Amino acid sequence: MSAKLFSPLTIGTLTLPNRIVMAPLTRNRAADGDVPHALNVEYYAQRASAGLIISEGTQISPEGKGYIATPGIYNQEQVAGWRKVTDAVHAKGGRIFAQLWHVGRISHTSLQPDGKAPVAPSAIKANAKTFIASGFVDVSAPRALEIAEIKRIVEDYRKAAENAKNAGFDGVELHSANGYLIDQFLRDGTNKRTDEYGGSVENRIRFLGEILAALTSVFPALRVGVRFSPFSGFGDISDSDPITTFGAAIAKASEFGLGYLHLVEGQTGGPRAPAADVARLRSRFKGVYLANNGYDRGSAIEAIESGAADLVAFGRPFIANPDLVERLERDAPLNEPKPATFYGGGAEGYTDYPALGTKAA
Ligand code: 8OZ
């Protein structure tokens with residue numbers, strides 16, 4: 001009998017033919033102007049057999065950018081580029097959500113409009129690196145946002161969701177993980193504000209709630225997902241009580257009736273958190289649960305069979321295997337990902353991983 005991993009799951013009006021999700025993956029291959037182009041169209045179309053594709057993080061504004069050559073979704077040229085991606089995925093029978101991203105303090109002045117400082121809830125520099133035209137560098141010191149700017153960013157998210165809809169995306173995922181802007185607001189290590197956006201847990205989740213209200217004014221709530229990484233220190237992030245903070249953030253997401261909760265279940269790309277902690281946080285969300293972090297065929301099948309997850313996201317295996325679903329279903333060998341070509345470059349290590357029954361380019 002075929003494992004439940006390969007069976008459909010329906011979220012409202014959207015039916016995923018299987019429970020294998022392509023994780024959001026930064027690949028730094030947008031064209032000038034941070035516009036998706038033909039190479040990106042081919043890459044996503046090759047992976048259309050995923051139950052759901054979540055796009056790489058796509059910045060909602062020029063200020064939301066933190067790395068070289070990441071795509072945007074704030075102008076019409078970018079929307080036109082993404083439209084070609086979504087059309088190609090749909091033509092091959094797939095579904096794709098746009099991951100909406102603002103990096104906050106994880107940026108560099110050379111990537112920011114007019115070479116200005118990146119923005120953050122508080123003016124605390126991260127001990128973290130980014131990559132720019134000249135290679136790996138320390139991130140720049142940020143400045144603290146004013147309240148009017150916070151409202152403007154919520155509006156930037158709303159416009160980005162409108163753009164995602166016009167670009168033909170089936171929904172959006174809010175990137176609230178990995179030490180980027182929303183995560184910086186949620187956690188008390190990076191949020192030292194003394195206004196209504198800082199201090200208590202209720203105040204620290206306010207920005208998240210305002211953004212979710214904006215996104216669900218554009219898409220039906222079931223077409224909006226949210227991603228958190230409660231157990232991760234990625235991006236030099238910390239919180240004195242993550243279970244309480246993220247319990248409240250996840251309960252807030254649940255109030256909106258979102259389509260799914262997506263959790264990085266440990267260190268980003270690293271060790272997993274205790275299963276009991278993951279289960280405790282998951283229980284705060286009434287809806288579809290998408291699990292992520294180091295799953296393989298066996299652990300994914302087991303997680304779906306046991307009910308520990310409804311969907312499982314794969315990252316690196318999807319980089320190297322355009323036909324990952326078919327390979328997992330047939331228990332066929334997988335291509336090995338090549339880390340040297342993860343970030344930046346052209347077709348090599350991007351669209352040239354062979355599918356079963358074809359030869360390497
Ligand atoms: C790796 C390199 C650059 C960005 C994340 C968007 O961690 C990222 C990212 C990952 O969520």
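The legends below describe close-up views of a predicted model. Residue numbers start from 1 in each chain, following the written sequence, and side-chain values rest on heavy atoms, without hydrogens or water. Because the model is predicted, local features need pLDDT of at least 70 and side-chain atom pairs count only at pLDDT 80 or more, while totals for chains, interfaces and linings use all residues.

**View 1. Polar side chains at the ligand.** An N or O atom in the side chain of His175 is 2.8 Å from an oxygen atom of the ligand. Asn178 places a polar side-chain atom 2.8 Å from a ligand oxygen atom.

**View 2. Asn178 in its loop.** Asn178 belongs to the loop between β10 (171-175) and α4 (181-186); helices (H or I, at least four residues) and strands (E, at least two) are DSSP runs numbered from the N terminus. Asn178 counts as buried because its relative accessibility is 7% (buried is under 20%, exposed over 50%, partly exposed in between; 1.4 Å probe, protein chains only). Its side chain also makes a polar contact of 2.7 Å with the side chain of Thr268. A polar contact is a pair of N or O atoms within 3.5 Å; within protein, one must be able to donate a hydrogen and the other to accept it, and residues adjacent in sequence count only if both atoms are side-chain atoms. Phi of Asn178 is positive, near 55 degrees, in a residue other than glycine.

View 3. Asp114 lies in the loop between β5 (96-101) and β6 (119-120). Phi of Asp114 is near 60 degrees, a positive value in a non-glycine residue. Asp114 counts as exposed because its relative accessible area is 73%.

**View 4. Ala91 and Ala48.** Ala91 is in helix α2 (residues 76-91) and is exposed, with a relative accessible area of 70%. Ala91 and Ala48 are 43 residues apart in sequence, and their C-alpha atoms are 8.9 Å apart in space.
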